[in-house]
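Here is a walk through one model, taken piece by piece. Have the viewer open while you read.

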Amino acid sequence: MITVIGESLVDIIEAPGRGSAQQVHPGGSPLNVAVGCARLGLGTRLVTHYGDDAHGKLIADHLRTNNVEPIVGGSLPTSSALASLDATGAAEYTFNISWDVNGASIPALAAVQGSLHVHTGSIATVLAPGNKAVRGLAEAARPHATVSFDPNCRPAISGNVEAARREAEDFVAASDIVKASDEDLRWLYPGRTLDESLAAWLALGPALVTLTRGADGPVVLTRQGRVEMPGETVAVADTVGAGDSFMAALIAGLAQRDALGAANRPRLRSLSPEDLDALAAYANRAAAITCSRPGANPPTSAELGSLSGKPAGTPPGLPAPAEG
C-alpha cells in the first residue's frame with residue numbers, strides 16, 4: 001500500500017494560438033502521482049482536500065475510476081490552476097488554491113502507519129495551514145515506510161525563495177527518495193550548478209536523488225553511482241504531469257525491486273548501476289508517454305510494461321515479444 005499526501009485541484013488548460021477550447025482536467029502534483037502509482041498496479045491512498053462542488057466531484061470521480069482511495073479533509077472550495085500552454089506545450093500556471101486537511105488527521109495517520117511507502121511534495125509542503133500536518137505525517141511514516149519527496153516548486157505560491165529552500169531541505173533530510181526538476185533547483189539555488197545541488201541534497205541523507213531535465217532526460221544519483229540518459233523522442237501534446245508520471249514510475253519501479261518499506265532501506269541504499277539505469281529508463285518512458293497526450297494522463301502498467309522491459313503479465317523466464 002502506498003499513501004500520497006498533497007493537494008488535489010483542477011487544471012484549466014488554455015492554449016492561446018492553437019485554436020483549441022479550454023479544457024478542465026483533475027490535477028495537482030500529488031494527485032497525479034497517486035493516479036500514476038495506481039495505474040502501475042500499486043494499492044494507493046491519497047490524503048488530500050477537495051470541496052463539495054462541481055470541480056470536487058470531477059476529482060472524486062477521477063480518483064474512483066483510477067482505484068485511488070481518498071482521505072479528504074478541509075472544508076474550503078476545490079482549488080484550481082490555470083495552465084497556459086506555449087507553442088512547445090510547456091505550461092505556465094496561475095493558482096487559486098488552499099491547502100488544509102483539518103478533520104482527516106486520524107485516518108491520515110493510520111494510512112501512513114499502515115503503508116509501505118509515503119510520498120509527498122509540491123504546494124502541500126509549503127502552504128499553511130496544511131503544510132505542518134504534512135510534515136508530521138511524513139515523520140510518523142518513517143518507522144514503517146520509506147518516504148519520497150518532490151518539491152515541484154511553484155514560485156507564485158511559495159513566494160520567499162529562502163523560506164522555500166529551508167522547507168525543501170527539511171523534507172529532503174526526512175526522505176529516502178527525492179526528485180526535482182532542473183527548474184526547481186535553478187530557482188532554489190541560482191548560484192549553484194545542478195550537479196552541486198544534487199550532491200548537496202544527497203549529503204542531507206536520502207538514498208537516491210533524481211533530477212528531471214525535460215528533453216535532456218533524467219539524472220539519478222546515489223552514493224554508489226550516477227546514471228543519466230537523454231529524454232525519449234515523442235510528439236509532445238503538452239508537458240502537464242510529466243514529472244509526476246516520472247515520480248510514480250520511479251516508485252513503482254522501486255516496488256518491483258523490493259526496495260520500498262522501512263525494512264528494505266538497506267536494499268534501497270545498495271542499488272546497482274544496472275538497477276539505476278533500469279529505473280531511470282522506466283520512469284523516463286512513463287514521462288514520455290504522458291507528454292504524448294493532453295493533460296496529466298499517466299500510463300498504465302499495460303502501456304509501460306515492467307521494469308525488466310517485459311510487458312506487464314509476462315511470465316518469469318519468457319522473453320518479451322520483439323518490437324516492430
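P129 sits in the loop between β8 (117–121) and α4, where helices (H or I, at least four residues) and strands (E, at least two) are DSSP runs numbered from the N terminus. The peptide bond joining A128 to P129 is cis, with omega at about 5°. S122 is in the loop between β8 and α4 as well.

A word on ground rules: this is a predicted model, so local features need pLDDT of at least 70 and side-chain atom pairs count only at pLDDT 80 or more, while totals for chains, interfaces and linings use all residues. Residues are numbered from 1 along each chain as its sequence is written, and side-chain values use heavy atoms, with hydrogens and water left out.

Back to the backbone. Most residues other than glycine have a negative phi, and most peptide bonds are trans. For burial, read buried as under 20% relative accessible area, exposed as over 50%, and partly exposed as in between (1.4 Å probe, protein chains only).

| Residue | Phi | Relative accessibility |
|---|---|---|
| S122 | near 65° | 2%, buried |
| D258 | near 50° | 47%, partly exposed |

D258 belongs to the loop between α9 (242–256) and α10 (265–269).

Now for the interior. In soluble globular proteins, nonpolar side chains tend to be buried together. A nonpolar core here is a set of buried Ala, Val, Leu, Ile, Met, Phe, Trp, Tyr and Cys residues joined through side-chain atoms within 4.5 Å. The largest one has 50 residues, and I5, V112, L185, L188, L198 and W201 have the most contacts inside it. Its top contributor is helix α4 (residues 130–141), which supplies five residues. Apart from that core lies another, of 48 residues, with V33, M229, A259 and L268 among them.

Zoom in on V112 and you'll find it touching T3, I5, V118, L137, A140, A141 and H144, leaving aside residues up to four places away in sequence. Contact means heavy atoms within 4.5 Å.

Which helices pair up in the α1 and α2 region, and at what angle do their axes cross? Helix α1 (residues 29–39) and helix α2 (residues 54–65) have axes that come within 10 Å and cross at roughly 25°. The axes are lines fitted to C-alpha atoms, for helices over the stretch in contact, and angles run from 0 to 180 degrees between N-to-C directions. Across the pairing, L31, V35 and R39 in α1 meet I59, H62 and L63 in α2. H62 is buried at 17% relative accessibility, and besides L31, V35 and R39 it touches P26, again not counting residues up to four places away.

What about disulfides (cysteine sulfur atoms within 2.5 Å)? A search of the whole structure turns up zero. The sulfur of C37 is 18 Å from its nearest cysteine sulfur, that of C291, which is too far for a bond. C37 is buried at 0% relative accessible area, and C291 is buried at 12%.

Finally, confidence: pLDDT is the predictor's confidence in each residue, from 0 to 100. The chain averages 90, with 93% of the residues scoring at least 70. Over residues 310–324, though, the pLDDT is below 50, and this stretch has 15 contacts in the model beyond near neighbours in sequence.

Notes:
Disulfide = S-S within 2.5 Å.
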